[in-house]
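Subject: Structure handover

Hello,

Please find the structure below. My notes on it follow.

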Amino acid sequence: MAAVSGLFSIASGIAGGSAAEQSGKAGAEAHEYNYNIQERNAERAREAATADIIGLKRTEYKTVGAQRAGYGAAGVSSTSGSALDVLAESTSMAVLDQQRRRYQGDIEYADQKNAATISLMNAYSVKEGGQATAASSVLSGAASGISRFTPTQKQAPKLEAQKIPEKIE
């Protein structure tokens with residue numbers, strides 16, 4: 001009976017170890033998937049910022065063009081005075097908007113890259129943890145099984161002191 005119990009302990013340890021390793025691999029794959037998504041999102045954030053900046057440049061070009069046309073239709077020179085100040089202010093604000101959007105894109109990119117790095121580190125950690133748990137489970141099952149095969153030590157009977165007769169007859 002002890003042999004059967006010992007074999008079950010060993011088999012249980014191996015099965016538990018296999019399950020722990022598979023769990024670690026599955027967890028690592030999930031984190032690696034997240035890593036890939038976050039890497040793509042980082043690139044998309046940068047591309048979106050670039051597209052927005054192009055749109056801002058077009059808007060600025062149209063705005064300044066409309067202002068110049070308005071000044072020209074009104075007979076105001078756009079090469080000096082208040083009209084030039086307004087055009088310069090419009091251009092400055094447009095450049096500032098573009099820089100702000102570029103900065104936002106850089107922040108979004110960095111956030112996604114950081115999240116991707118954390119996901120990759122988690123993948124490694126989960127995989128290593130699964131392997132360590134697997135090894136522990138196998139060793140524990142083996143130790144438990146082997147201990148059931150080892151015969152238990154029987155204690156020697158206690159010797160009682162015998163009275164020695166004082167006289168031998």
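Accessible areas here come from the Shrake-Rupley method with a 1.4 Å probe. On that basis the chain exposes about 12500 Å², and carbon and sulfur atoms supply 57% of that area. Please keep in mind that this is a predicted model.

The chain has 169 residues, of which 18% are buried. Its secondary structure amounts to 2 helices and 0 strands. Of the contacts between residues at least 6 apart in sequence, 84% join residues at least 24 apart.

Salt bridges

The whole structure holds 4 salt bridges. One of them joins Lys 113 to Glu 39, with the closest N and O atoms 2.9 Å apart. This pair links distant parts of the chain, since Lys 113 is in helix H2 (residues 81-149) and Glu 39 is in helix H1 (residues 2-74), 74 residues apart. Lys 113 is partly exposed, at a relative accessible area of 25%.

Asp 52 and Arg 101 form another, at 2.7 Å between the closest N and O atoms. Here too helix H1 (Asp 52) is linked with helix H2 (Arg 101), across 49 residues. Arg 101 has a relative accessibility of 12%, so Arg 101 counts as buried, whereas Asp 52 is partly exposed at 38%. A network of salt bridges links Asp 52, Arg 101 and Glu 108.

Asp 97 and Arg 100 meet in a salt bridge at 2.9 Å, N to O. Both lie in helix H2, 3 residues apart, about one turn of the helix.

Aromatic rings

Arg 46 lies over the face of Tyr 109, 3.6 Å from the ring centre. The count of aromatic pairs is 0.

Regards

Key:
Residues numbered from 1 in each chain as written. Predicted model: local features only at pLDDT ≥ 70, side-chain atom pairs only at ≥ 80, totals over all residues. Heavy atoms only, no water. Phe/Tyr/Trp six-rings, centres within 6.5 Å; stacked < 30°, edge-to-face > 60°. Lys NZ or Arg CZ within 6 Å of the ring centre and 35° of its normal. Helix = DSSP H or I, 4+ residues; strand = E, 2+ residues; numbered from the N terminus. Buried < 20%, exposed > 50% of the residue type's maximum accessible area, 1.4 Å probe, protein only. Contact = heavy atoms within 4.5 Å. Salt bridge = Lys/Arg side-chain N within 4 Å of Asp/Glu carboxyl O.
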